[in-house]
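Open the model in your viewer and keep the selection tool ready. Each stop below says what to pick and what you will find there.

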Amino acid sequence: FKIFISQRGIVASYMKEKGGEFVWFDGKLVKWEDAKVPIYTHALHYGTAVFEGIRAYAAKDSVYIFRLEDHMKRLHRSAQVYSISLKYSARELANATVELLQENKVKESCYIRPLTFVGLHGIDLNVTKDSPTHTVIITFPFAKYFKGEGIRACVSSWRRIHDSMTPPLAKAAGNYLNSILATQESKRNGYDESILLDIYGNVSEASGENIFVVRHDKMYTPYLADSALEGITRETVMMIAKDLGYEVIERQIARTELYMADEIFLTGTAAEIVPVTSIDDHPVGSGKEGPMTTSIREMYAKIVSAEAKEYLEWLTSVW
């Protein structure tokens, strides 16, 4: 019995075949075909799992994992919200990731998925720190998520989950049912991606990415309190933008501002930095990638491929 779990921003076809001979499962390297869980696993029934999405990039001299330990620290924070026990420190998980890529002889760009989930707890909902949990790390080849030079997006009729209901700041598996509904709607209507509003009607984020809006030479992104995920790529972009001399402001963003924007781009581990060229068939700016988006995207590409020496502390070398 094999389980494939959908994830934020990842095309399902990437996971139809094993990405390497081994996965890391509860402290051991296990062959891919032997990494199995019982059908009574609590996470399968109730979504009691937290996870991360991490990218590693092939460069001339090595494969570099981007902000590896920062991702593992966020995994711990997500687990803490739901009292899901995580037996391994962020550093131990980071070391395990490097070991896994080495064992799988990974020499190409890949996606890394750490996942901590509740095991044979029973069918009740009282998950505690004493509930049995497991942690797995898998990896598979990965190139571009969105194809082309920009994407067409729509505002979803579904609203983003709110902190008073299901905490958006925790990167929990069950949260993504909300994103699945929004994605299904956008695809049915012929769009590449959906933008979700929060329960108050303010812009929150895309189904699998954070959002940035450029107006009058300033860059805006929603508050985390607007039901946005505390994205690591989001944080990275904010730092890059400031280093490039752009003014970055966190504030509430009204839906109408999407139609008045000079530029809009999305950020995420899988998507990286991707320009939005239209919203609800309204062209964004010129209808092409704008100059601020281009400069951020190009700098991000240099950083993850170890070409920007001032940001090397964000990279973990595999080889």
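Two strands count as paired if DSSP finds at least two bridges between them. Keep that in mind for the strand stops. The model is predicted.

**Whole chain**

Start with everything shown. The protein has 7 helices and 17 strands. Its radius of gyration is 19 Å, close to the 20 Å that the globule rule gives for 319 residues, so it is as compact as a globular protein of that length. Along the principal axes, the C-alpha atoms fill a box of roughly 55 × 50 × 30 Å. Buried residues make up 53% of the 319 residues. The exposed surface comes to about 14,600 Å², and carbon and sulfur atoms supply 52% of it. Now consider contacts between residues at least 6 apart in sequence: 71% of them join residues at least 24 apart.

Select residues 54-58, strand E4. Why is E4 described as largely enclosed by the rest of the structure? The reason is that 4 of its 5 residues are buried.

Pick Ala-56: its bridge partner in E5 is Ile-65.

Step on to Arg-67, in the loop between E5 and H2. Is Arg-67 buried or exposed? At 7% relative accessibility, Arg-67 counts as buried, the cut-off being under 20%. Its phi is near 50°, a positive value in a residue other than glycine. Most residues other than glycine have a negative phi.

Next, select Thr-236 in helix H5, residues 232-243. Thr-236 is buried, with a relative accessible area of 0%. Which residues does Thr-236 touch, not counting those up to four places away in sequence? They are Phe-66, Arg-67, Tyr-300 and Trp-314.

**Aromatic rings**

The model holds 9 aromatic pairs.

Go to Trp-24 and Tyr-88. Their ring centres are 5.0 Å apart and their planes stand at 75°, so the pair is edge-to-face. The pair links distant parts of the chain, 64 residues apart: Trp-24 is in strand E1, and Tyr-88 is in the loop between helix H2 and helix H3. Both residues are buried.

**Charges over rings**

Select Lys-107 and Trp-319. Lys-107 lies over the face of Trp-319, at 4.4 Å from the ring centre. Then select Arg-251 and Tyr-220. The charged end of Arg-251 sits over the Tyr-220 ring, 4.0 Å from its centre.

Select residues 22-25, strand E1, and residues 28-31, strand E2. E1 and E2 pair in the antiparallel sense over 4 bridges. Val-23 has Val-30 as its bridge partner in E2.

Where is Asp-26 found? Look in the loop between E1 and E2. This hairpin has 2 residues between the strands, and Asp-26 takes a positive phi near 50°. Asp-26 is partly exposed, with a relative accessible area of 27%.

**Last stop: Gln-184**

Select helix H4, residues 176-188, and pick out Gln-184. At 40% relative accessibility, Gln-184 counts as partly exposed.

Definitions and conventions. Residues are numbered from 1 along each chain as its sequence is written. This is a predicted model: local features need pLDDT of at least 70, side-chain atom pairs count only at pLDDT 80 or more; totals for chains, interfaces and linings use all residues. Side-chain values use heavy atoms; hydrogens and water are left out. Buried means under 20% relative accessible area, exposed over 50%, partly exposed in between (1.4 Å probe, protein chains only). Rings of Phe, Tyr and Trp (its six-membered ring) pair if their centres lie within 6.5 Å; planes under 30 degrees apart count as stacked, over 60 as edge-to-face and the rest as tilted. A charge sits over a ring if NZ of Lys or CZ of Arg is within 6 Å of the ring centre and within 35 degrees of the ring normal. The radius of gyration is taken over C-alpha atoms; the globule rule is 2.2 Å times the number of residues to the power 0.38. Contact means heavy atoms within 4.5 Å. Accessible areas come from the Shrake-Rupley method with a 1.4 Å probe; for residues, only the protein chains shown count as cover.
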